[in-house]
Amino acid sequence: MKKNQKLFLQFGISIIFFGLFGILINNLTINLIRTGLGFNFSWLFKPASFALAEHPLPYTSSDSYAWALFIGWLNSLKVIVSSLILATFLGTLIGFARTGTNSLLGLISAGYITIIRQTPLLLQLMFWYFVGFLGLKDNMFIQIKNIFNISNKGIEFSGLTFSSEFLALLFGLSIFTSAYIAEVIRGGILSVSRGQWEAFRSLGISERKGLIRIILPQALPAIIPGLTSQYLNLAKNSTLAIAVGYSDIYAINDTIINQTGRAIECFIILLFSFLLLNLLITNAMEIINRLILKSQRYS
Amino acid sequence: MEPIVVAKNLSKSYTKGLRALDNVSLTVNQGKVLVVMGPSGSGKSTLIRTFNGLETFDRGELNILGIKIDSTHDERKIQKIRRRVGMVFQQFNLFPHLSILENITLAPVHVQKRRQAEAEEYGMYLLNQMGIDSHAKKYPSQLSGGEQQRVAIARALALKPELLLFDEPTSALDPERINEVLDAMRKLARQGMTMVVVTHEIGFAKDVSDQVLFMDSGKVIETSPPNIFFSNARHERSRKFLNQLDKQ
Amino acid sequence: MEPIVVAKNLSKSYTKGLRALDNVSLTVNQGKVLVVMGPSGSGKSTLIRTFNGLETFDRGELNILGIKIDSTHDERKIQKIRRRVGMVFQQFNLFPHLSILENITLAPVHVQKRRQAEAEEYGMYLLNQMGIDSHAKKYPSQLSGGEQQRVAIARALALKPELLLFDEPTSALDPERINEVLDAMRKLARQGMTMVVVTHEIGFAKDVSDQVLFMDSGKVIETSPPNIFFSNARHERSRKFLNQLDKQ
Amino acid sequence: ATTNQDNSSRLNLIKNRNELICGVSGKIPGFSFLKSDGTYQGLDVDICKAFAAAIIGDSEKIQYRPLTAAERFTAIKTGEIDLLSRNTTFTLSRDSSGGNGLTFAPVVFHDGQGLMVKKESKISGLKDLANKSICVGSGTTTEQNINDAFESASLPYTPIKYQDLNQVVAGYLQGRCSAMTSDRSQLAAARSGFKNPQEHIILDDVLSKEPLAPASDGQDQKLADAMRWVVFSLISAEEQGITKSNIDKKVQIAKNNPQLKPLRRFLGIDGGLGEKIGLSNDFVVKVISSTGNYGEIYERHLGQNSEVPIPRGQNELYKKGGVHISPPFN
Amino acid sequence: MFGIYTSSLIIFFKNARKTLFSNLFNTIITLLIILFLSVACFNTFEWLIFKANWKVVISNLPLYAFGSFPSNEQWRPATWIISLLSLSIFTLYGPEWKWLRKHLLILWVGTIPLGLYLLYGGIGLSPIMSRQWGGLTLTILLTVCSSLLSLPIGIILALCRHSSLPIIQKLSSIFIDVMRAIPLIAVLFFGQLLIPLFLPVEIEIDRVWRAIFAFTLFVSAYIAEDIRGGLQSIPNTQIEAANSLGLNQYQIIQFILIPQALRIALPALTNQSIGLFQNTSLMAILGLVELLGIGRSILANPEFIGQYIEVYVWLACVYWIVCTIMAVLARHLEQRMTINQANF
Ligand SMILES: Nc1ncnc2c1ncn2[C@@H]1O[C@H](COP(=O)(O)OP(=O)(O)OP(=O)(O)O)[C@@H](O)[C@H]1O
Ligand SMILES: Nc1ncnc2c1ncn2[C@@H]1O[C@H](COP(=O)(O)OP(=O)(O)OP(=O)(O)O)[C@@H](O)[C@H]1O
Ligand SMILES: [Mg+2]
Ligand SMILES: [Mg+2]
């Protein structure tokens, strides 16, 4: 293709694109004026006048909407980070079970993966919450010397309390994600050439030692990208908190939209909070990736 | 002379009907070199890999270094055999994330429980023997193919094996690198190492081997001393194969 | 005799300082076969790939079939050249998602706008010539390497090219398959096809070529007729190279 | 109230379409819920039917559109639905053009937010709920009201917020919360579905006024007028004792007795009242003969013998101590 | 899939003694697992048979299947679902009937207009508005329409992102990255509640179509990345080979790149549509009465209040069955391709 032809094509597409964009924005403005909503963010500093069950930082209903949103963002972060750790742990175990030698474990983990992967997360979350945690009933709570309490209100552990909403979300997300992580781990292990297995076997090195010392280090570079995208999915899926009554960023946005009708503004805020979360996760994974590559100077 | 490898009527098939090994029997005595030849897919790799339990078999019996294994594939016996048998692969199969010296010391330290320093010392001695001691701190990817294959040989030697298996050790190498590796293998043979070598290097086979075993479709077609095999092979199939090798 | 390929002072470097091609000049006349030899990395592939514009060059001039190109790499001229020059690669590079016959008819139908039926008929004729017409409906992965390479040759021939380029067409093949392909190439040479062949097959070069060009580090070291090159090469570097090839 | 309107009223659209699109909740027992045969039922649904009967003349020509709390106002503004008959609280900001820009018809159910607790918990008022968890449905004024109540009493509490009433009920029944809060009608409705309804009590505290009313687009005065008077006709019919079963007789009586002026006007025989609001003159007859009067509707869905019994209380006619009253049909 | 299961089951029982009880550690683990599984199974069966009240499922079956579609017209969605099902069975086990095989793709694409015609009505059928669609029918409709729409869009996006024109490349990159960064529920929220704000007052898009639109936006970004992965894994030598045959840029894209990329990305693509099927359940939160939504509506019926466990278990089964059918179909498709083009 000729150079000016290329320029022309790009120019044309840009015009169409920005034209369309302009029309949509124009419609939006007309609609906002028509419905008398307008577009501004000053409401952010008005008192929220709703209470939150969970707030890692002090919060009362007379705090501003902005602060409520920030608390929601922290709540999201909290559930994301903790389920990320739990999911990785579970997923690795299941991934190993799937590639390992105990065929009963292999069979069970295969069954686990198909069941978890083929039912909607939303349903699983509701199941965990309403059946799993709330099913504990009041009378069925386990108590060990006032240090460890389990009831349908949640778990209390030496002063730390985790609400059952948080726990259901944590479990649901972790279990759902672990089924995917298991497949990532398995894929990574399979990506190491058969020759490496044969090489360590022919040196008389045991299976478990070989898996840990020879195979896993080589599988890591193939595992990390898959893991990153699973973590990102997990972060996005955490918005289903709304189904189990956990106050994450999406749920709080939803409440605010109902109270103020500021759908567009709230949507923009939601967008940016997620871009921020994604940035956090990808950067953290990038650092981990670099650390791994650094410790493996060979490639 | 003790027999190091005795195979009796080994048979194996991957897919039903097609035999990768078909009633293979052979004996390799202490200090001898057996070269295995045959067209692609004839079962050479499968055969040699049964010798250290990388491959199971369906029928027959194996006796490696006095340890008997059969089709039940007893993991404990195989582990014992592996500690006393070294293997070198076509694709080197070095561990890319470990340095050359770490590649060599890994098994002595973790399998034979030797001390790190002792293992390293012996490792350096082996690398020196192979003429690559200057690369000890490098990683496999920084070495040429010929050098990598010599590291692989040193790694197999580190466990002080009583039998060495080679599966086409030179066929992944550049023409110019092949001789480096063949020379190292010649040296080992001269030192009295018992070896089973799958290769198509006629020069090497003529030079070093005591017997040449020719396979086709999983069967042993003939076993002859090299001077007879290369000048006057008994079987039509062997002659045809040698012809084709020459033509290139 | 018309010249088909004329190269004048071609130079190219990928990385600064290191020349992949260094002042290469050569001529190939109609109906002649030029064999290019040289150690790994000497620039053989780079050279042959400039002939159909897969590779640009930094200085010098090329005249392919009367079409002149220079370092500006005029897309239109290169497209013209490509329609008249066929190329066969080391790794076959067949299109895995198309059947053998579809592989062959793709270019005639879409580049030369021939009718499907006509292209298929000619394609079957070419496959017949190569001795693989029974595989026409199969997919590349179902064929052996030798068969795949013959399909690649047929694909290159389907455009009725006036010049054929081969980049190590046999080096990815099993020893037993090499001759199938070399025979097909011999046939083409005898039919008067102009060919440039990068290869290390001495037998083929002796048999078929009119000239052997030897390269090292991007430079043309010598160009001689095969009888002289193989028995009494002029240059020390060529002799050393031939020695190493023989040793294997 | 009328202003000059062009002919582009939704009313004509509905008539031409010969079908009313009515936004409902679809998830509230007694008000609107999906029955096993796929039809909707409840008080809100019958109000829809009354509108359809008045506007189109056929109470079956309706399409129900289940709506979430979040989307209900947008659905009106964008014209996806003709009107909303979904427990929506009548408030100033919703009714005003500076707010959500809707117009409300008269209140069809006077509700108030309440709290339900288990009898065995011995909770008797707001005070006892200090530091306890309370299950709340999010997305409505409920959330704000409970907050206001506790804040003004300076009591701390923990709200557990759910998407819809089902979940609130589940959370409460499973013992996640000590109390659930919602409109008292919904509390009663939910309780009626419990295995042992008598084990739960609705506290006397009323946290808010929740007058629930149908709504439509505030810029469409004609439709709003029609809706307003259809609701009043239901109440007025009850006041006059006109029911589904005696409406035909009443029409006969009115026709035969020219002196019964108010009745004749009401039933559309004289006065041409219907035309003034864009409906047929006998719209009241159509409405009452298809749904019955307000009292009948109430009795059908919320009465003592229904599945969701709620005492009429405030929702009685003004004559009987309630607050429902209809302006005269003059 | 089941084939794999049965064969691994056979191997499992053959080797049970050797692998399960080969050492103390394995034996303990095995016994613990068996104990746990039997307790779990016992409790589950006890609940399923004695405690659960399945009336909430049985008496509402037509609702789960068709939503509030008028009952005398329910044969229409039924016909559609049955035709989809029989097409699936045909694709799996159908005879080697060349002509039909060749046109399988067209048949599959053809199910969309058929479905829309049957649902909407029109010529010869009484018209029915999308408000009355619901249940499994709506779930399937959302899945099928959105996945078939997002495939071509995804391909175009992938090619744009792959292109050498900087503006086009940037625009599509931004779209893809933003879509992949935000949660699906936010995109659906946008589709349901914000799109009307971006349209002129007189234009109104049905909310089923708004949902399909939102799903398409979201899924096409993921599909674009899958296809881009496929494009990147095509070795450069393929392009060289095509170049040296004189094919031009567009021909290379059309004949070499897209078909290969699609085949490489096929497993990822089928996973996307299975994921999409599950994710349609999010529409329940946004007020559509698809399968999960209808379940929640049924729970509001005073007759069934509090029976959510039964409903969730039942819905999980339905989702699982349909997903498994889809997965088996996908696996079958992949196998047929690998038979044709091993190592590809
Ligand atoms: N893992 C496997 N699964 C199925 N069949 C196999 C497997 N490995 C080898 N085979 C088959 O067994 C036969 C013997 O293979 P083997 O690798 O031993 O041949 P070979 O003589 O080493 O060939 P080459 O010279 O190509 O290495 C061949 O037909 C091969 O296709
Ligand atoms: N894409 C590239 N980028 C950078 N350097 C390259 C590239 N391709 C080739 N080279 C370098 O150019 C020189 C000539 O390479 P070329 O592939 O032409 O050699 P060759 O003679 O064909 O070798 P071989 O026999 O291994 O195929 C080498 O030094 C090589 O490293
Ligand atoms: Mg082999
Ligand atoms: Mg080359």
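Mentor: Lys and Arg count as positive, Asp and Glu as negative; His and the chain ends are not counted. Each charge is placed at NZ of Lys, CZ of Arg, CG of Asp or CD of Glu. This is a predicted model: local features need pLDDT of at least 70, side-chain atom pairs count only at pLDDT 80 or more, and totals for chains, interfaces and linings use all residues. Residues are numbered from 1 along each chain as its sequence is written, chains are lettered from A and ligands numbered from 1 in the order in which they are written, and side-chain values use heavy atoms, leaving out hydrogens and water.

Trainee: How far apart do the centres of the positive and negative sets in chain A lie?

Mentor: Take the two sets of side chains in turn. Chain A has 22 positive and 12 negative ones. Their centres are separated by 13 Å.

Trainee: What pattern does chain A follow along the sequence?

Mentor: Helices (H or I, at least four residues) and strands (E, at least two) are DSSP runs, numbered from the N terminus. Chain A holds 9 helices and 4 strands. Read in order, they give α-α-α-α-β-β-β-β-α-α-α-α-α.

Trainee: What share of the residues in chain A is buried?

Mentor: Buried means under 20% relative accessible area (exposed is over 50%, partly exposed in between; 1.4 Å probe, protein chains only). Chain A has 299 residues. The buried share is 52%.

Trainee: Which pair of chains has the most contacts?

Mentor: A contact means heavy atoms within 4.5 Å. No contact joins chains B and D, with closest C-alpha atoms 52 Å apart, or chains C and D, where that distance is 49 Å. Of the 8 pairs that touch, the most contacts fall between chains A and E.

Trainee: How much of residues 105–123 of chain E is helix?

Mentor: UniProt, in an unreviewed entry, lists 105–123 among the "transmembrane region" stretches of chain E; such annotations may be inferred rather than shown by experiment. For residues 105–123, with end C-alpha atoms 26 Å apart and 0% strand, the helix share is 84%.
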